[in-house]
Amino acid sequence: MTNVEKFRQAEAQKLAEAIARHPEEYCYGPDKLQGVVDKMVPSLAEGRAHLGPATKAAARACGIKPTQRAIREYLSAKEA
């Protein structure tokens, strides 16, 4: 599994948990989750996305710092 796939999976899980806990904070429901993640991960890789709590939790789940730079480096790392 690549870093992008790992991060995508972690982002989906953490975002689903956040929506379940605080649905009033999100303008979309679980049915739109995959579409949001599909747009979010490339935006994160390019440094254009907001780092919300779910994204920061996904970064920590992948073992990286929850910063724009660390996420960009993680997503762009070549697999050995």
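Predicted model: local features only at pLDDT ≥ 70, side-chain atom pairs only at ≥ 80, totals over all residues.
**Helices α3 and α4**

Helix α3 covers residues 53-61. Its buried residues include Ala 54, Thr 55, Ala 57, Ala 58 and Ala 59. Among the elements that cover them are α1, α2 and α4.

Helix α4 runs over residues 68-76, and its buried residues are Ala 70, Ile 71, Tyr 74 and Leu 75. These four sit on the same side of α4, because the arc they cover around the axis is only 125°. They pack against three other helices, namely α1, α2 (33-45) and α3.

**The nonpolar core**

Which residues have the most contacts inside the largest nonpolar core? They are Phe 7, Leu 15, Leu 44, Ile 64, Ile 71 and Leu 75, in a core of 22 residues. Two or more residues come from each of α1, α2, α3 and α4. The top contributor is α1, which gives six residues.

Leaving out residues up to four places away in sequence, Phe 7 touches Val 41, Leu 44, Thr 55, Ala 58, Ala 59, Cys 62, Ile 64, Ile 71, Tyr 74 and Leu 75. Several of these names have already come up: Thr 55, Ala 58 and Ala 59 are among the buried residues of α3, while Ile 71, Tyr 74 and Leu 75 are among those of α4.

Helix α1 spans residues 3-21, and Asn 3 lies in it. Is Asn 3 buried or exposed? Asn 3 counts as buried, because its relative accessibility is 11%, under the 20% cut-off. A polar atom of its side chain lies 3.0 Å from the backbone oxygen of Tyr 74, and Tyr 74 is one of the buried residues of α4.

Val 4 is also found in α1. At 30% relative accessibility, Val 4 is partly exposed. With residues up to four places away in sequence not counted, Val 4 touches Val 41 and Leu 75; both of these are also touched by Phe 7.

Glu 5 is another residue of α1. Its relative accessibility is 42%, so Glu 5 counts as partly exposed.

**Pairs brought together by the fold**

Asp 31 lies in the loop between α1 and α2, and its relative accessibility of 66% makes it exposed.

| Pair | Separation in sequence | C-alpha to C-alpha distance |
|---|---|---|
| Val 4 and Ala 77 | 73 residues | 9.0 Å |
| Glu 5 and Val 41 | 36 residues | 9.5 Å |
| Asp 31 and Ala 16 | 15 residues | 9.9 Å |

**Ser 43 in helix α2**

Ser 43 is found in helix α2. It counts as buried because its relative accessibility is 15%, where the limit is under 20%. Its side chain reaches the backbone oxygen of Lys 39 at 3.0 Å. Once neighbours within four places in sequence are set aside, Ser 43 is in contact with Arg 48 and Ala 49.

**Aromatic pairs and cysteines**

How many aromatic pairs does the model contain? The count comes to two. One of them joins Tyr 26 and Tyr 28, with 5.8 Å centre to centre and 65° between the planes. This pair is edge-to-face, because 65° is over the 60 degrees that this class requires. Tyr 28 itself is partly exposed, at 22% relative accessibility.

How many disulfides turn up in a search of the whole structure? The search finds zero. As for the cysteines, Cys 27 counts as exposed because its relative accessibility is 81%. Cys 62, by contrast, is buried, with a relative accessible area of 18%.

Note on methods
Residues numbered from 1 in each chain as written. Heavy atoms only, no water. Phe/Tyr/Trp six-rings, centres within 6.5 Å; stacked < 30°, edge-to-face > 60°. Buried < 20%, exposed > 50% of the residue type's maximum accessible area, 1.4 Å probe, protein only. Polar contact = N/O pair within 3.5 Å; in protein donor to acceptor, adjacent residues only side chain to side chain. Disulfide = S-S within 2.5 Å. Arc of directions from axis to C-beta. Contact = heavy atoms within 4.5 Å. Core = buried A, V, L, I, M, F, W, Y, C linked by side-chain atoms within 4.5 Å.
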